[in-house]
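Have a look at it first, then read on.

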Amino acid sequence: MDSRKQSLVTIRVTEKRGPVSTKARTNSKAAPEGKYGTQPGALKGRGSMGNILSEAHPPSFSISGLLVARRLTKNLKERTALKIAAKKPVVTKIINEQVPPFSSKPPQKFCSFAVQRFLEELLPGELSGVSYGPDLAGKLAKEMSEKIKEFAKTAMPPRYKLVCIVTVGEQCQEDALLTSRALWDAYADTFVSHSYKNGTLFCVASVFALYCE
């Protein structure tokens with residue numbers, strides 16, 4: 001009887017320890033090797049599964065999205081080019097100047113740059129701090145016209161004629177438009193003009209250089 005109880009106790013103890021030993025063997029069992037071998041950290045969590053899915057299914061791009069991106073890039077390039085062009089001064093260069101057959105061909109042309117610089121210095125020097133008056137305006141226009149003609153004659157080549165016009169008017173809350181019309185030879189003839197204004201008056205000085213054969 002004692003031997004039977006002992007055997008039953010042994011069986012029960014064995015049955016109770018059975019699952020514990022089986023669980024221990026399961027935890028100590030190594031991870032099985034896959035098709036491409038064992039990779040460390042391949043079964044650690046969902047991050048590895050996400051990498052596998054991303055490699056199996058690469059991101060797809062739609063044609064409409066690519067067209068929109070291309071259009072935005074083109075617009076950006078155009079805006080950048082416009083900003084750069086706005087900062088640079090516009091200079092027109094005549095590579096091959098074509099002389100019309102009906103134009104005069106002076107051996108030396110009138111130097112308009114020197115006269116232009118003289119006008120830019122003369123008008124502010126004569127009119128700065130001057131108040132408008134009808135009698136004073138006519139006197140100033142005549143005096144400045146004589147000074148401009150004297151200087152322009154020093155830079156005038158032979159066979160050129162000068163026409164100098166100086167206009168002095170009252171500065172009001174209105175706009176004034178001054179124009180001139182004449183028969184013109186665009187190749188041989190030239191002109192310069194400059195304007196100045198202060199709180200009470202405005203002045204416009206123009207010099208026309210005409211070549212006469």
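What follows covers a helix, the charged side chains and the cysteines.

This is a predicted model, so to speak of local features a pLDDT of at least 70 is needed, side-chain atom pairs count only at pLDDT 80 or more, and totals for chains, interfaces and linings use all residues. Residues are numbered from 1 along each chain as its sequence is written, and side-chain values use heavy atoms, with hydrogens and water left out.

Let's start with helix 4, residues 112-127. Helices here are DSSP runs of H or I with at least four residues, strands are E runs of at least two, and both are numbered from the N terminus.

Which residues of helix 4 are buried? They are Ser 112, Val 115, Phe 118, Leu 119, Leu 122, Leu 123 and Leu 127. They sit on the same side of helix 4 because they cover an arc of only 125° around the axis, taken from the directions from the helix axis to the C-beta atoms. Phe 113, Glu 121 and Gly 125 are exposed on the other side. (Buried is under 20% relative accessible area, exposed is over 50%, and partly exposed is in between, with a 1.4 Å probe and protein chains only.) The buried residues of helix 4 pack against helix 5 (134-154), strand 2 (190-197) and strand 3 (201-211). Just after helix 4, Gly 129 has a positive phi of about 80°.

Now the charges. A salt bridge is a side-chain nitrogen of Lys or Arg within 4 Å of a carboxyl oxygen of Asp or Glu, and the structure holds two:

| Salt bridge | N to O distance | Where |
|---|---|---|
| Lys 147 and Glu 126 | 2.7 Å | helix 5 and helix 4, 21 residues apart |
| Lys 149 and Glu 146 | 3.7 Å | both in helix 5, three residues apart |

Asp 185, in the loop between strand 1 (160-170) and strand 2, is buried yet has no salt bridge. The nearest side chain of opposite charge, Lys 105, is 8.3 Å away. Asp 185 does touch Ser 103 and Ser 104, leaving aside residues up to four places away in sequence; contact means heavy atoms within 4.5 Å.

Last, the cysteines. A disulfide is a pair of cysteine sulfur atoms within 2.5 Å, and by this rule there are zero. The sulfur of Cys 203 is 9.6 Å from the closest cysteine sulfur, in Cys 164, so they are too far apart for a bond. Cys 164 is buried at 17% relative accessible area, and Cys 203 is buried at 0%.

How values were computed:
The expected span of a helix is 1.5 Å times one less than its number of residues. Lys and Arg count as positive and Asp and Glu as negative; His and the chain ends are not counted.
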